[in-house]
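Trainee: Could we go through this structure together, one question at a time? I would like to see how each answer is reached.

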Amino acid sequence: MKKCPVKRGFQTDCVGSVEACNIQVAYEKHLNNQFFGPYTSLVTMTSTGGEIVAMSGDFTNPYPEAKLGVIEEGAYADILLVDGNPLENILILQDYEENIDLIMKDGVIYEDTL
């Protein structure tokens, strides 16, 4: 990847039942972290994924009127407030009940344990 960088999205191609997709997503997260490290894994799962979905047009992109994968005015963004540093231990993102204190989607707070 470092010698020939390409944009890789995360979970934009899952096919099958919810259970099958959950298994695929968990394994993909594990492989991303193992081979590319936490920083690249997080970028792949957030901003790069948003860019790739936006390029797909109206067919796959549910938010064609604004940017995805960035935190800026007018963009659609989900924000997680995490108890810990995922760059040191990305596994803290797996157990949201234990490690995620705030979940905000489109400016609406869905979970707040602060």
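Mentor: Gladly, and let us settle a term before anything else: a contact means heavy atoms within 4.5 Å. This is a predicted model, in which local features need pLDDT of at least 70 and side-chain atom pairs count only at pLDDT 80 or more, while totals for chains, interfaces and linings use all residues. Residues are numbered from 1 along each chain as its sequence is written, and side-chain values use heavy atoms, with hydrogens and water left out.

Trainee: Thanks! Which residues does Asn 99 touch, not counting residues up to four places away in sequence?

Mentor: Start with its place, which is helix α2, residues 96-99. Helices (H or I, at least four residues) and strands (E, at least two) are DSSP runs, numbered from the N terminus. With neighbours up to four places away in sequence set aside, the residues that Asn 99 touches are Leu 81, Val 82, Asp 83 and Ile 92.

Trainee: Is Asn 99 buried or exposed?

Mentor: Buried means under 20% relative accessible area, exposed over 50%, and partly exposed in between, with a 1.4 Å probe and protein chains only. The relative accessible area of Asn 99 is 16%, so Asn 99 is buried.

Trainee: Which backbone oxygen does the side chain of Asn 99 reach?

Mentor: Here we need the polar contact, a pair of N or O atoms within 3.5 Å; within protein, one must be able to donate a hydrogen and the other to accept it, and residues adjacent in sequence count only if both atoms are side-chain atoms. At 3.1 Å, the side chain of Asn 99 reaches the backbone oxygen of Ile 92.

Trainee: What about Glu 97, buried or exposed?

Mentor: Glu 97 is also found in helix α2. Its C-alpha atom is separated by 9.5 Å from that of Thr 113, 16 residues apart along the chain. The relative accessible area of Glu 97 is 65%, so Glu 97 is exposed.

Trainee: And what is the relative accessible area of Tyr 96?

Mentor: Tyr 96 is another residue found in helix α2. Tyr 96 counts as partly exposed, its relative accessible area being 45%.

Trainee: Moving to the loops, where is Ile 71, and what is its relative accessibility?

Mentor: Ile 71 lies in the loop between α1 (18-55) and β1 (78-82). Not counting residues up to four places away in sequence, Ile 71 touches Ala 77 and Ile 79. Ile 71 counts as exposed, because its relative accessibility is 66%.

Trainee: How far is the C-alpha atom of Asn 89 from that of Pro 38?

Mentor: Asn 89 sits in the loop between β1 and α2, and counts as partly exposed at 36% relative accessibility. Along the chain, Asn 89 and Pro 38 are 51 residues apart, yet their C-alpha atoms are separated by 7.5 Å.

Trainee: Stepping back, what is the radius of gyration of the protein chain?

Mentor: The chain has two helices and three strands, in the order α-β-α-β-β. For 114 residues the globule rule gives 13 Å, and the chain's value is close to that, so the chain is as compact as a globular protein of that length. The radius is taken over C-alpha atoms, and the rule is 2.2 Å times the number of residues to the power 0.38. The radius of gyration is 15 Å.
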